[in-house]
Amino acid sequence: MRKMLFVTVSVVTLTTPMLGCVDNAHAEESWTLTTIADARSGIASPVDLGAPGDSPGDMFVFDQPLLNASKENIGSNSGYCVRTLPGQFSECQWTLTLADGTITVAGREAETGTSLIPIIGGTGAYVGASGVLTTTPNGDRTFTQVLTFLKAKQ
């Protein structure tokens, strides 16, 4: 009997906080910001830490111009990636610095194709930022980055 009571109390205790999370999901709206990371200029330094060539643990450090759709400089895109699966994936973290604040993202980026990277925070106008950055290579060493922010309804 004691085991049955303990399980019942535990289930109620664990599910009650989760119900609050479900309710909050409906109180959000999203908005987007599109930027272009320009890898044609700025700093782009590979760091070969493991076996010679592409190997786990190698790093890539960058600080590149951040552009708007009109190709005008609006800030910088700087961070690093650590190779996790040679030729396929890296674990990356970078910060987009804009006039009104910064946005930090971190997650798994594919060597080719589109990647979805979580937005983990920000400063200035982006304090409390969350959402996802979709990054797509354009074939000319630039990357279109669409940031989809979740913003709590007021």
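Cys81 and Cys92 are both buried; buried means under 20% relative accessible area, exposed over 50%, and partly exposed in between, with a 1.4 Å probe and protein chains only. The two cysteines form a disulfide, with their sulfur atoms 2.1 Å apart. A disulfide here is a pair of cysteine sulfur atoms within 2.5 Å. A disulfide is a covalent bond between the sulfur atoms of two cysteines. A search of the whole structure finds 1 disulfide. The link of Cys81 and Cys92 is right-handed, with 115° about the S-S bond. Cys81 sits in strand E4 (residues 73-85) and Cys92 in strand E5 (residues 89-98), so the pair ties together parts that are 11 residues apart in sequence.

This is a predicted model: local features need pLDDT of at least 70, side-chain atom pairs count only at pLDDT 80 or more, and totals for chains, interfaces and linings use all residues. Residues are numbered from 1 along each chain as its sequence is written, and side-chain values use heavy atoms, with hydrogens and water left out.

Now the overall layout. The chain has 1 helix and 9 strands. Helices (H or I, at least four residues) and strands (E, at least two) are DSSP runs, numbered from the N terminus. Along the sequence the pattern reads α-β-β-β-β-β-β-β-β-β. The chain has 154 residues, and 27% of them count as buried. Contact means heavy atoms within 4.5 Å. Among contacts between residues at least 6 apart in sequence, 38% join residues at least 24 apart.

Return to E5, the strand of Cys92. Glu91 is also placed in strand E5. Glu91 is partly exposed, at a relative accessible area of 39%. Leaving out residues up to four places away in sequence, Glu91 touches Tyr80, Cys81, Val82, Thr84, Gly107 and Arg108. The C-alpha atoms of Glu91 and Gly107 are separated by 5.6 Å, and the two residues are 16 apart along the chain.

Next, the largest pocket. Rolling a probe the size of a water molecule over the atoms shows where empty space is left. The search runs on a 1 Å grid over the protein atoms alone. A cavity is a set of points where a 1.4 Å probe fits but cannot get out, while a pocket is an open set with protein on both sides within 12 Å along at least five of seven lines. Lining residues have an atom within 4 Å of a point. The largest pocket has a volume of about 650 Å³. Grid points are joined across faces, edges and corners, and a volume is the space filled by probe spheres set on the points.

Which residues lie nearest the centre of the largest pocket? They are Phe60, Cys81, Glu109, Glu111 and Phe143, from a lining of 29 residues. Strand E2 (43-47), strand E3 (59-67), E4, E5, strand E6 (101-110), E8 and E9 each supply at least two lining residues. E3 gives the largest share, 4 residues. The lining divides into 14 nonpolar, 8 polar and 7 charged residues. Ala, Val, Leu, Ile, Met, Phe, Trp, Tyr, Cys and Pro count as nonpolar, Asp, Glu, Lys and Arg as charged, and the others, Gly among them, as polar.

Strand E9 (residues 142-152) includes Thr142. Is Thr142 buried or exposed? Thr142 is buried, with a relative accessible area of 2%. Its side chain makes a polar contact of 2.4 Å with the side chain of Asp140. A polar contact is a pair of N or O atoms within 3.5 Å; within protein, one must be able to donate a hydrogen and the other to accept it, and residues adjacent in sequence count only if both atoms are side-chain atoms. Beyond four places in sequence, Thr142 touches Ile36, Ala37, Asp38, Ala39, Arg40, Thr136 and Pro137.

Arg40 lies in the loop between strand E1 (28-38) and E2. Arg40 is partly exposed, with a relative accessible area of 46%. A polar contact of 2.8 Å joins the side chains of Arg40 and Asp38. Arg40 touches Leu67, Asp140, Arg141 and Thr142, again not counting residues up to four places away in sequence. Arg141 is in the loop between E8 and E9. Its phi is near 70°, a positive value in a residue other than glycine.
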